[in-house]
Amino acid sequence: MKAGKSTETIGNRLDALTPGPAFDNAAAWNNLQQRLEKKKTRILFPWKWAAAAAAVLFVAWLLIPGKKADNITNQLPEKPVQTEMQSRTAHPAAPAPAVAISPATKTRHNPDKAATINKDADNPGPIPDSTQNALISHTPDESMVKTATIPPEETIPVPVTMKKLPVVYNNDLARAEPEELLPAGEETTGTDPLSLLRKLKYHNSIKGDQLQPAEPPARRKKGTLPFGISFNTKE
Amino acid sequence: MNQEQLIKECKQGSTAAQKCLYDLYAGQMFMTCRRYLKNEADAEERMLDGFYKFFTRIRDFHYQGEAALFSWIKKIMINECLMFLRKKNPFVITAETDELTIPVPEEVLGKLEAEEIFKLIIRLPLGYRTVFNLNVVEGMTHKEIAALLKISEGSSKSQLFKAKALLQKMIYSENEYYESRKIN
């Protein structure tokens, strides 16, 4: 800041000025105090809420891990079910697992039950908890677990594997000599005209090389009609 | 209670200390704001904004004497006024002249009463008034003014020149009393 002598005096003199009666100091102070109080409450308010939220979260954290541990212990018996399934594949004769079929699936064969179900639908009662069903379906049957013992390797019958025959693609058969392809017992040698003719026919019909014409057909000349009359256009 | 003690108590959040400090500087700060803003209500509002900032940021302030405290509060007030002016109507000032000849000698202003100068200043147009206040009253250089108002140095000089010319016109034409003082 540059401050000359005259500048300083003007500035100082102006700073020393007091406001007139129009300026209400008390009202202005009240206004300012209100703003400052608001600021204070604004600071306190989030802190209070944050503290309360933290407390709630802490309590929840204390309670929830216990429940989680119970869930894990309930889900542990899922492993034996898997072993049972393996053994069943090895022994097709093993009893199938008890699948809980709801009565609704049997309605076709049990019309009476269907009627009762419809009646129930008319008078809806408390809705069953679906999570309970899920838990029941996942819990293994003890009797089944007991029977599901894995037999030793020797007793397990090895399934007969289908032998896959190799497929031979022999296109040379078409080009083979007719003597080889002729049925046995027929003499190809000799001067029998019938056999020779057959041989020739076979040869001509099968051999790929002879299927192609020796020469391409002669093209019709320009200005030549196909039915014999010919004339020159230019001459 | 001295000002240092007041500042300490303000830092602790004492409303009484805040009131004491406010009473000490409110009048002066109101007049400072009034020099920049024509409307009294706007000036009062800016002054309150300035004090609000002062009290909320007082923890960053290190007391180094009464003059330092006064200049800090005054700086806050001036910044508040300039921000308000910038929001309302930005300073689009173009340099029209680089003439440095100032028609109004400083002695003329020196002979006038503070209140008379104040009345003349608040009659100036916005751009002239702002540059005049910053340069003549606050003692800022044109470079500082240019940076603060985001205008060129030439524009600042031009505005000051025009402000002084207008002041001279006002002094000489409107009141014979001023003229007689000048002659004497």
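**Helix α8 of chain B and the A–B contact**

I'll start with helix α8 of chain B, residues 142-149, where H142(B), I145(B) and L149(B) are buried. Buried means 20 or more other C-beta atoms within 10 Å of the residue's own, with exposed at 12 or fewer and partly exposed in between, the C-beta atoms being placed from the backbone. Down the axis of α8(B), the buried residues fall within an arc of 60°, so they line one face of the helix; the arc is that of the directions from the helix axis to the C-beta atoms. Just after α8(B), K150(B) has a positive phi of about 60°.

A note on the source: this is a predicted model, in which local features need pLDDT of at least 70 and side-chain atom pairs count only at pLDDT 80 or more, while totals for chains, interfaces and linings use all residues. Residues are numbered from 1 along each chain as its sequence is written, and chains are lettered from A and ligands numbered from 1 in the order in which they are written.

Now chain B as a whole. It has 10 helices and zero strands; these are DSSP runs numbered from the N terminus, H or I of at least four residues for helices, E of at least two for strands. Of the 184 residues in chain B, 39% are buried.

Last, the contact between chains. 26 residues of chain A are in contact with 29 of chain B, contact meaning C-beta atoms, placed from the backbone, within 7 Å. On the chain A side, α1 (5-15) and α2 (25-75) each supply at least two residues, and α2(A) gives the largest share, nine residues.

Methods. Two residues are in contact if their C-beta atoms, placed from the backbone, lie within 7 Å.
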